[in-house]
Amino acid sequence: MPAVHTTHSVPNLDEAPFEPKSIDPAHVWLMSISVGMIVANIYYIQPLLSSIASTFRISVAEVGTVAMATQLGVALGMLLFVPLGDTKERRSLIVKLLLVSSTCLALVAVSQSFFWLAVASFGVGVAGATVHVIVPFAAHLAPPAKRGAVVGSVLSGLLFGILLARTFSGLLGQWVGWRAVYWVAAGLMLILAALIRAQLPDSKPTLTMSWPNLVRSAGVLIREQPVLREASLLGGIFFCAFSAFWTTLVFFLQTPPYHYGSGVTGLFGLVGAAGALFAPFVGRLADRYGARRNVLAALLVTLASFAVMYFFGTNLIGLCLGVVLLDVGVQSGHISNQTRIYSLLPEARSRLNMVYMTSYFIAGAFGSSAGTLLWQRFGWGGVCGLGSCLLILGCAVFASGQPDLASAPKGAKA
């Protein structure tokens with residue numbers, strides 16, 4: 001990989017960035033499983049929205065705000081905790097956040113009012129930012145030549161978690177009720193905290209900086225890194241469209257010709273798991289040919305998914321094909337964008353990830369809210385129209401950008 005240009009505006013670098021020669025495959029597996037289990041906490045709610053609305057006697061639009069609150073919590077967690085990955089020992093930070101996550105999940109399970117459900121869900125989102133301490137940790141442990149593949153492998157666990165969370169919560173919620181889903185999740189976080197404490201290596205930080213200065217330096221990164229700005233905007237577009245679809249799918253599947261409940265809705269997570277299987281391949285393509293090229297392909301595939309779901313969504317095969325295309329496209333775009341930003345400044349990976357993922361989840365929160373509102377007013381056409389317009393905007397953003405010269409592999413166009 002060619003030398004990466006660094007900015008002198010990011011202060012207080014104490015030593016040269018750590019560049020490992022290899023990474024233990026067992027660590028990659030544990031981090032992949034971990035991010036899947038943690039991110040699942042954010043998405044358990046989507047197949048359960050109809051049941052929760054019934055429990056608290058609220059409307060579709062009101063229950064959509066719970067999913068929005070969770071994603072806004074993730075955005076706040078990015079700001080509060082993810083930058084600390086550059087200055088704190090990551091393993092201990094991850095374990096502490098997992099204990100907070102377990103507590104918040106238990107509070108969701110015992111919530112007796114819609115208000116406290118929303119507050120506890122917000123806390124689940126805040127603690128869910130743990131995922132984005134782990135992903136830069138994986139990039140930190142990976143050798144440069146394999147960074148895209150390692151990030152892709154870890155993010156495949158993330159997408160499996162997102163998609164299979166819906167299957168797990170939909171089936172378990174239909175069987176024993178939605179509260180049981182959160183009790184099980186709380187216990188899993190305690191088990192995961194013990195495994196990470198025992199198995200992952202510690203990571204000595206290479207940066208000494210206070211939290212306010214970390215956040216201010218993130219502003220410097222936004223100003224001085226055009227690749228970060230473009231990747232963050234495109235990542236937000238992908239996830240806004242993705243969230244609008246998955247938040248409203250449970251309501252679409254209750255209408256003719258389907259008339260399905262939460263259990264069947266959750267099974268669509270298995271259909272979308274094709275995107276997770278595709279993730280390591282996307283990472284290797286990014287290593288070999290350049291990540292930005294992958295982003296354009298991902299935009300077009302995701303746009304095609306909404307066209308398929310609009311025209312053929314009332315046919316089960318057409319809907320399944322659309323779900324596969326959506327998840328392959330969004331996952332490909334996400335991996336490629338993260339590979340791009342991790343190639344910029346090794347000593348600032350947590351802050352780069354904070355900027356990217358904060359925009360990602362703010363956009364996702366908007367997508368969850370806008371999706372339910374458009375569903376109520378315009379039905380399935382409104383949801384697919386929102387996704388299509390977002391992806392067309394993404395193509396325009398891509399066309400106006402510049403190649404990632406710093407991160408492009410030798411001999412490849414970015």
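Predicted model: local features only at pLDDT ≥ 70, side-chain atom pairs only at ≥ 80, totals over all residues.
Q: Which residue does a cis peptide bond join to Pro256?
A: The bond in question has an omega of about 5°. It is a cis peptide bond, and the partner of Pro256 is Pro257.

Q: Which residue forms a salt bridge with Glu230?
A: The count of salt bridges comes to two. In the bridge of Glu230, the closest N and O atoms are 3.0 Å apart, and the cut-off is 4 Å. Glu230 lies in helix 10 and its partner in helix 12 (residues 291–312), so the pair ties together parts that are 62 residues apart in sequence. The partner is Arg292.

Q: At what angle do helix 1 and helix 7 pack?
A: Helix 1 covers residues 25–43, and helix 7 covers 147–176. Two packed helices are described by the angle between their axes and the distance between the axes. For helix 1 and helix 7 the axes are 7 Å apart, and the angle is about 35°.

Q: How many nonpolar residues are in the contact of helix 1 with helix 7?
A: The crossing of helix 1 and helix 7 is right-handed. Helix 1 contributes residues including Val28, Gly36 and Tyr43, and helix 7 contributes residues including Gly157, Gly161 and Arg166. Six residues of this contact are polar and one is charged, while the nonpolar ones number eleven.

Q: How far apart are the axes of helix 13 and helix 14?
A: Helix 13 spans residues 316–342 and helix 14 spans residues 349–378. They pack at an angle of about 150°, and their axes are 9 Å apart.

Q: Which residues of helix 14 make the contact with helix 13?
A: Helix 13 passes helix 14 in a right-handed crossing. From helix 13, the contact takes in Val330, His334, Asn337, Gln338, Ile341 and Tyr342. The contact residues divide into seven nonpolar, four polar and one charged. Those from helix 14 are Arg349, Leu352, Asn353, Tyr356, Met357 and Tyr360.

Q: How many charged residues does the lining of the second largest cavity have?
A: By class, seven residues of this lining are nonpolar and two are polar. The number of charged residues is therefore what the class count gives under the definition of Asp, Glu, Lys and Arg as charged: no charged residues.

Note on methods:
Residues numbered from 1 in each chain as written. Heavy atoms only, no water. Axes fitted to C-alpha atoms, helices over the stretch in contact; angles between N-to-C directions. Helix = DSSP H or I, 4+ residues; strand = E, 2+ residues; numbered from the N terminus. Left-handed = near helix turned anticlockwise from the far one by under 90°. Contact = heavy atoms within 4.5 Å. Salt bridge = Lys/Arg side-chain N within 4 Å of Asp/Glu carboxyl O.
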